[in-house]
Structure formats: structure tokens, C-alpha cells
Amino acid sequence: MWRRLWTLLLLMLLLPGCVDPIEFEQEDQQEHLVVEATFSNLDSSYVRLSYSQPYRYPFNKFEENATVYITSEAGEYIPFYHTQSGLYKPEAEARAQIGHTYQLHLQIGPNSYASKQVKVLEPVPIDSVYTEFAEVEVGIWGAREKALMPGYKFFVDYTDPGGLINFYRWSVTSVIEVYTQPWDYIDYSCIGCPRPAPKDCCAHCWIYERAQLYKVQNDRLSDGRKTIHQELHFVPFERDLQAKNKITIYQHAISEEAYNFFKVVEQQQQRTGTVFDPPPSQLKGNIYNVENEDEQVIGFFDASAVSKKEIIINRKNIKEMNVGEYVYPDDCREIRNATTRKPEGW
Amino acid sequence: MLLQKLFLFLLFLFVLAPKGQAQQQQYTLSGTVRSAWGERLEEAYMVINPGNKIVATGEKGRFSITLEEGTYQIICQYVGMEPFSYEVVLNEDLDVNLELVQRNFQLKQVEITTQPTMDVNSTHLGSTYVDQKLLARMPALLGEADVIRSVSSLPGVVNAGEGTSGFYVRGGSADQNLILLDDAPVFNANHLFGFFSIYNPDVLESYELHRSGISAKYGSRISSILDVKMQDGNFEKMRYQVGLSPITAKLSADGPITPKLSMLVALRGAYPDYVLKLFPSDNIRNSSGYFYDGNLKFKYQLNEKNNFSFSGYYSADGFKFPYDTTYHWTNTLGTLKWNHLFNNDFAGTLTLVKSLYQNTVEGIATGEEFKLKSGIDYAQVKADLGYYGLDQHELEFGTSAALYDIQPGDLIPYGTSSLNRRTQDRDKGYEYTAYLNDSFVLNEKLSLSIGLRYSFFRKVGPAEVYLYAEGVPRSETSVYDTLRYSSGEAVQHYQGLEPRFSVKYSLNAKSSLKLGLSRTRQYIQLISNTAAITPVDVWKLSNKYMEPQVADQVTVGYFYMHPERRYEFTWEVYYRKLYNQLDYKDGAVILLNPTLEADLLYGEGEAYGSEWLLKKSKGRLTGWLSLSYSRSFRTIAGNTPEETINNGAPYPSNYDKPVNISIFTNYHLTPKWTFSSNFNYSTGRPITGSDSWFNYHGNIFANYYGRNQERLPDYHRLDISFNYTFRKSERVEKNLSISVYNLYFRKNAYSTLFQHYFGAPPMAYRLAVIGVAIPSVSYNIKF
């Protein structure tokens, strides 16, 4: 009897649900300009302009009619052109020069915005990139709960230059080859559905993805040392490693201001609400309204030189487990960021 | 012995006898015999001596007997009750009320009725006394009653959140409370994620929380003193106690070793891992934790004028979050005391105190293996003297010297680690104090307590003091020069007087008005960028940039005590001003930061409030109702915008929870069963709110603005417990306690998160540490 009672008591402890939505009075909700701006010595420069939105409004709002350009103390002038969804890109050959100091300018209607001046620092080369098998809880696009998935963790090693104060940040691009099954497509949105509705195209795609990793590092405690096993990224086998995946890791040499900014971003992203969390704080970037410095502009103009290293992973080389076939009974172009354009040299 | 402490009512019916009557006049002695909760007892026997007359109560518990004039001893007896002895002078007709106590409840009854939490006639205000028996009746969490959880239900005290053992007193931060265990300060009173504190309730004697009108004897912290005393070993016989609860086991023994030497030893250990494994969250399931602790006390009665005592405590704690970090800490406390009676009017105590807190964080991730050691080594010697030879005066005076030796951080990399070894200079300082306090009675109505405390603090080397450029925010890059101090060299000193004053004016025999004024100083602070005391916090002594914290407080109070001590009521109103308060820059780095002062912000605080406490100490139903309304603000207006919070305007501090209600009741259902409940309500803690969400590099973030401009939802919780006392056999006493914490499954928010889940718009979520009712059973045997 005691045993049963005990089990009951323990079951009560098991009842889940420690994180629930709550209502906040949302009176002081505001819209602020949000600027993503990356300018580097490689071809990955872009600016994206959007607005922060009240919690009652669940959609993105982009700024598509801005004039965007970068100037430098050396007299460079680099215009950016709007492509889509608030994304502005420079001419293909625009590159940041190491040692130069740049400033971002935005003109949105009557308002002029500018960034503080940012000097491009010498990048620190990546010594090596490698992977380790792991199971990690990851948030999958479209799913509310995180799921535990097998995959590879990516690590870098690098050698910190001694005697200098260095700050690091990383970003990742990946090209993922996928095979899908459009012939197995089932139509759910018609009269008399569901019924099989095989598609002719397409079964073979490449997904182009870019991720800014909110991981920053400084050499406060490791100046001049070879730094190993810096964990940066996780790629689950499902979808991402079912054929071939080319991953490029970019190591940015950033300023102290950029480090402080991305550190707060990293802290925010890692918040779990426990006692170990520092209090949340406002993200204070380096972009301001030229006429009204009190206006809050969210974002940071990060002009930095990067070093990069590629790593290619083939499904057939995965030894740790037998990765099953990716099941996606639809046109592969329906996958976010996927096209049938084959990358050069694939 | 204890019986003598029993409360007794006597109602005299005066019949004025004419003078000059015959000597052997006869009078009627009558009365009523009741149980402690008022039930009239039939068939209770009175043995009256001299004469050995016996009389029994009839229906309604009444008895009556006619006796000749004289002095009589009455012994009243009833089945299952403690015999009660009482002397009566019979020179008129007399009607008495006798109250008997159930044998099994003897201890509890005594404790609950003889120790009011306050004294109407003293000059003390703002202090509360709770003993072990009362604590043991409060509903437990996971089978353990806890001192710090119970402190949080007192007026003027709010808890720092579930899963933390920090508490805030009158708008002050957690590090502004001096937490003592037999005079030794405790630097981390947490056990097991903060669900328990270091005090083993089985061997606790009592605790007293002083939050205003603090005597000049106490100091070193500015908000409160939590003075916790552990039991001494008894001098009568060996006693043993065993306790079991779902996650802790306890064992204690005490008794005489020789007629002059007594000993107490207590051990406690926790095994929570199997409970953690039951949680749905992976983070909790893969975590593990443990703690164990032990108390050791000796008391040696050398002679009538001298006794010595030793109190030792050791605890070890550890927990591991999944993945790559483990935390371990230990507390080692020791107090050696010599009490000496110089003569009948003059007594003194010499005390040696040691408190050692050591903390190790270990990282085990490949490439980043390290051990980070930090801690405090505290030693103190103090002499406290009392002179009572002056009529109507109680003079207390004393002096102390303390050494703080803090290891802020020693990073030791090993294995494949790419970290460099880094050892920060030890943070050392001396604190000297002297005090004089005179409590005197001016007349029946007016009493005063005037005290003065002087403290002197000297920070000594080794130290590097950075000089920062003026006009720009302090940071590592604005350092323009460094002053180096060698070991032992004076780096900085602070000093000051701390006047204490309180006065009592009796309105009548039952009630009084009191006023208290005080200044307190503190030379050590906890640097913590989280809401609670955690193992990754750093204690830091005052230095060139961190000036000592100072608090000024004025309190006015009304105190009422029912003549039969059945009820007591207190009402206190206070105002406090706090100087040199700390807050943090956004993204402040605390660990191993040599320019820590540059990441801190300095300002002032202000707090005020009103506290009411109504307590019922007698009868079948006992308990209290405590209510407070209080506010606490900080103002941080630095020289630059980066060093200013909310544009320099006052903002609610982390400790600002305006409304607090606490209701504790204890009810005797039957002689063996008692039921107790504890209800707590408080306004939610201030948090930094978000005015909008945004998409940044493909992730959703919240835009936080200002500081502490929003609030968590209100906190409330009801705990209940049933206590059963088994029939006391000759030698064994057994107790069973069944309790439920958070009875109605309230999911109190510990914090909020602005998060984005796919499929839902970005919104605020609350994180509840405890979202369900937690039942527990504990069983104690004393023999």
C-alpha cells in the first residue's frame, strides 16, 4: 500500500508544465528600426532593415525604401541596393579592406541614420574545423517543442595572437543537398481529399543557409594560447546530412564594442529564466538617428575581416549511426531556402 | 521543570472579610479545570495539602471545597494530563481556573504559550523570535521545515523566489542580512538549489530576526541580523533522534559526557537524485545534487562563574547541471565561547569565531577544462560585557576585531584546456568595532535604549588599484594608471559612528508606543548579477570605488499584548535611506574581472513601509496574520549615460514587492493530531519588460527597455500539514508529519522570458520553479 501511495506522490511531482504563456499589459508597445549590417572582406556583405513589432502583431515588417551606403575614411563609397524583404546588397565586388575605418549611412524618409565608425581588424586564421557525434535538443523550423536529434557538433581550433586583445565572432553558411519524393505527394487541400497527387518536379535540390552564431569569445583568459575545441554549431543528420553538406565557418575579428553587443545577444538567446540568468538588458548598438540620438535603433554595424574554413560531410561517411533516408513527399523547392541550382564545383 | 512555565489564569472573587474575625475562619475554594484548548474536564482530582484532602471535579469541570484559612498546595491530576501543582493562600472565598496540558503536548504547549514574539515593555522593536517547536509545526517542503523559508513569512521580509534561500528585509538586498549560526556568519546558507538552508531543524534552538531597533551590539550588515542558535547538549541523559523524509535523513544525539560536560552531535544527508530523475525537463533530469552537514556542540560547566562552549558546523554541497559544469561548496563554522561571571552584576563573554566558505566550479568540457576556486576565510574575536549594577540601567559594551580574507577567483586550467591560469589578488581587510549600549528605565512609562557603535575598516594589500580617466565611462580601456600595494599595506580605510536609539512609552499595562532610530554600516558586499545568491557570486570588500553601504532607518511602532497573552498585535511604520548601493552595467562580467568596479554602478536607495502583525498564542487555534505594505527604490545617476539607469530617475529595486500577506495557523484537531497551514501572498517582483519583438539574423529577440518597469504576476501559495504525535511510551517519542507544499498547484512565476516558439507569436512566458503541489511525509523518533 505504501508503495502505491509513494508512486502516486511521485507521479504528482511529474506533472509537467513549468513554462506557460502569461499576459502582459501591452500599452507601451513601440516600433523601432532594426538594422542587421555585415560588411566583410569576403562576398558576404549585406544590410537588412526591419522594424521591431508589438507583441500583438506577429508578422515581420521590413523597410524596403531606404537609401543605404557605406563610406570610409579612405574615401570609399559603397552603395547597397534593395533586393527583397528589406535585404540590401552591395555590388558583387565590394569588399572591406583590412585597416580601413567604415561608417554605415541610412536615409529612411526624412530620417538620417549613421553608425559609429568601425575599423576592420586583421582576422585570425582558423587552424582546423572538425566534428563530433552528439545528440542535442534542437528547435526545428515549424515545431514548437525542441526535439532531441542526433547529429554533428562543429568545433574550431585557432591560435590567439599573444599580446593583443582579440575578440571573436563566428558565422556559418551551409549548402545542403537534399533528395525528396515529389511522386509521393498527397494533396490535402481539395474536395475529396486527401488523395495522391504525384508531382513531376523536383526531387533534387540544394538548400542555401546562412547563420550568424551568437557566440563570441575574447582572449581575456587565453591570450596567446592555442584555443581548441570551440563549439560553434550543431547540424542534425535528418535532412541536413542525408546526402552531402558543405559547411563554411567564418571567424570574424571584431571590435570590443561588437563583442559587448553580441555578448548581450548571446545572453538573451541563452536565457532560461533560472537563477543563473543575468537580468535582461537593452541591446545597445552603434547606430543612431543623426538628428535625434534619443531614438532607439536596434542593431549593430559589424565591419570585420573574416577567415574561413570549409568542411564537407557526406552521408556515406557517417560512421556513428545509420542515417535513414529523408522523407519529404513533395517538391524539394518547397523547402525553405531550397533551389534546384547546383552550386559551382559540386 | 517545564511545567512551571505553564500559563495559569486566576480569577479572584473578593469577599471582603471584616477584620477581627475569629482566626480559624473557613473559606470556600472553588474552581474550574480545563484542558489547554478550553474543554472542561470531569473527574479531575485535586489533592490538597496539608490535610491530604481529595476533591474531584463534577460535570462542567467544577469543584468546590471548604477549608480553613491557610496556605495550601493543590496538585491537580487527570488521566493523560501532566499533573499540575499550585500554591494558594486562602484568606477569602476563592475561585480558580486551572488549565491542564496533555502529556504528549507538553513541550509544544509550553513553547507556544511562553514565548511571545515580542515584548511590550522592552525598548526592542522590529525583532521576532521563533523557536524550534514553532518552526517544526510550519508546513514543510519535502519533509523539512526550514528557517529561511519561515523567516520569509515574517512581516517586512520577502523571499527571493522559489529555489533560492535568499530573503530581502525592508527593501534591502540579500547580502545585507547577517546570517549567523551560533555567532558565526554564514556566507552561503543554501542547500540543494536553495530549497533548504544550512540549519538542521532537529537541533535548532531558536532564531531571532532583528530588522529595526538593532542593538549597538550587532552590526556589519545594514538590513537585518538573523541570529540562529543551535541547541546545546542536555545535562540529564543521553537522547537520540532519528528523522526520515523523502530526500533527507537525519540523526542526532545529545547528552552528558561527564556531569560538567555535555555534547550534541547531529548529521544530515540528502539524496535528491531519484526525485530529480522524475522531472520532465531534461535539464533537471540529468542534473544531480547532494548535500550533507553536521553539527557538533560541547558545553563545559567549569564552575558557577565559568562555562565554555564550542559549536562547530560543516557542510558540503554539490550539484551538477547536465553537460559540462559542476558546483561544489563547503561551509566550515566554529565558535568558541567563554562565559564568565565577574560578580552578580557584571558578566562577560569572550568569543572566537571562524567561518570558512570555499567554492569550486569545475568545467569539464574538452578544451575548456578548469577549476575555479573562490571563497572567504573569516575570523573574529569579540568580547561582550554586561554591567547590571546601576539601578534601572542595563549597560552593555564590547569590542571586536575581524579579518576578512577573500579569494575572489583562482582559475586552474587542466587537461586540453586553452585557458591560462589566472589568480586574482586576495581581497583582505580588517574590521574593528566597539559599542556601548545603555537600556534604562526612566519611570513606569518611559524606557530608553541609547547605543553607539563605532566601526573602522581597513583594506590591506596585496592589491592593484586602477585609476580611471575622468569624464568617460569606467572600463578596462579607460584605466590610465595602476597603484600597487604590497601584502599587508593599507590600501583604503573607512570608519564611522553608528548611533542607535530606541524609546518605549507605555500607554498602559497592555500597550506601548516605540520609536527607533539607527544607522548601520557594511563593508562587504555580494557581487551577483542574478536575483539570488548562487555559487558563482563573488563577495567583495569595500575599496576605493566601492564605498561602504550605509543605511539610516527610523521606525515607529505600536505594540499591544492581551493581558492573558492570548493575543498580541504590533504595527510598525519605517523609513530607510540606503547609501552606496550597487547595480550592474548591462552585460557586466563578474568572475575573474580585475576591473570589476568598472562594471558596477553606484547609487542610493530608499525604502518605506508599514507592517502589521496579529498573533494568537493561546488556545486550540494559534497562529499569526502578518501584513505589510512596503516600497523600495534605487536611484543610479552616474556621470555618463552608460553609468546611469532609467535616466537617473528612481526605479523599483529588485526587492520591491509592495503587498505581503502571510497567514500561519496551527489547530489542535485532537490531542494527537494538529493541523497547520501557511498562506503567503506577495506582489510580483519587478522585472525589465519588453516593448516589442524583432527578428535579428533569423532569430526572434525581445527589445527590453528601461529597468524594472514591469512586474511578475502576483505570488501566492498555500501549504498545509498534519502532524501526528504517537502516544508517548516510557522512553520513545514519535512524530509523523504529512505536508503538502503549494496545495492548489499554483504556478508562481520565478521569472519571465520573452520567447518565440514556432507556430506561436512571440510572447511572454513565465517560468515556475514549482508548478505542482509537493506532498511529503517525514517521521521522527526521539528516544
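Predicted model: local features only at pLDDT ≥ 70, side-chain atom pairs only at ≥ 80, totals over all residues.
1. Strands are DSSP runs of at least two residues, numbered from the N terminus.

2. Confidence overall. The predictor assigns the complex an ipTM of 0.86 and a pTM of 0.78. Chain B has a mean pLDDT of 84. In chain B, 89% of the residues reach 70 or more.

3. Where to be careful. Two stretches of chain B deserve a flag. Over residues 1-23 of chain B, pLDDT stays under 50. The model has 33 contacts beyond four places in sequence for residues 1-23. Residues 104-114 of chain B also stay under 50 in pLDDT. For residues 104-114, the model has 29 such contacts beyond four places in sequence. Among the elements of chain B, strand β1 (residues 10-11) has the lowest mean pLDDT, 28. The highest belongs to β13(B), at 96.

4. Chain A in outline. Chain A has two helices and 21 strands. Of its 346 residues, 30% count as buried. Take the contacts in chain A with a separation of 6 or more: residues 24 or more positions apart account for 70% of them.

5. A helix in chain A. Helix α2 of chain A covers residues 256-269. At 1.5 Å a residue, its 14 residues should span 20 Å, and its end C-alpha atoms are 20 Å apart, which agrees. The buried residues of α2(A) are A:Ala258, A:Asn260, A:Phe261, A:Phe262, A:Lys263, A:Val264, A:Val265 and A:Gln268. What covers them? From chain A, the cover includes β13 (167-179), β16 (204-218), β18 (244-254) and β20 (297-314). Chain B contributes as well, with β45 (699-704) included in the cover.

6. Domains of chain B. Chain B is divided into domain 1 (2-101) and domain 2 (127-481 + 493-782). The C-alpha centres of domain 1 and domain 2 of chain B are 49 Å apart.

7. An open sheet in chain B. Five strands form this sheet, in the order β9-β16-β17-β12-β13. The pairing is mixed. β9 (127-131) and β13 (184-185) of chain B stand at the edges, each with a single partner strand, so one side of each has no neighbour in the sheet. Inside the order, β16 (residues 204-210) and β17 (residues 224-230) of chain B pair in the antiparallel sense over six bridges. B:His210 is placed opposite B:Ile225 in β17(B).

8. Is B:Arg221 buried or exposed? B:Arg221 is buried: 26 other C-beta atoms lie within 10 Å, and the cut-off for a buried residue is 20 or more. Leaving out residues up to four places away in sequence, B:Arg221 touches B:Gln176, B:Asn177, B:Leu178 and B:Gln522. B:Arg221 and B:Leu154 are 67 residues apart in sequence and 19 Å apart in space, C-alpha to C-alpha.

9. Strands β26, β28 and β29 of chain B. Strand β26 (residues 393-413) runs antiparallel to β28 (residues 427-441) in chain B, joined by 14 bridges. Here B:Glu396 stands opposite B:Asn437 in β28(B). β28(B) is also joined by 14 bridges to β29 (residues 446-460) of chain B, again antiparallel. B:Asp438 has B:Ile450 in β29(B) as its bridge partner. β28(B) and β29(B) make a hairpin with four residues between them.

10. Strand β36 of chain B.

11. Partners of β36. Twelve bridges join β33 (residues 511-522) of chain B to β36(B), and the two run antiparallel. β36(B) and β37(B) form a hairpin with five residues between them. In the turn, B:Arg565 has a positive phi of about 60°.

Definitions and conventions: Residues numbered from 1 in each chain as written. Chains lettered and ligands numbered in written order. Pairing = 2+ DSSP bridges. pLDDT = per-residue confidence, 0-100. Contact = placed C-beta atoms within 7 Å. Expected span 1.5 Å × (residues − 1). Buried ≥ 20, exposed ≤ 12 C-beta atoms within 10 Å, placed from the backbone. Domains from an automatic or database assignment.
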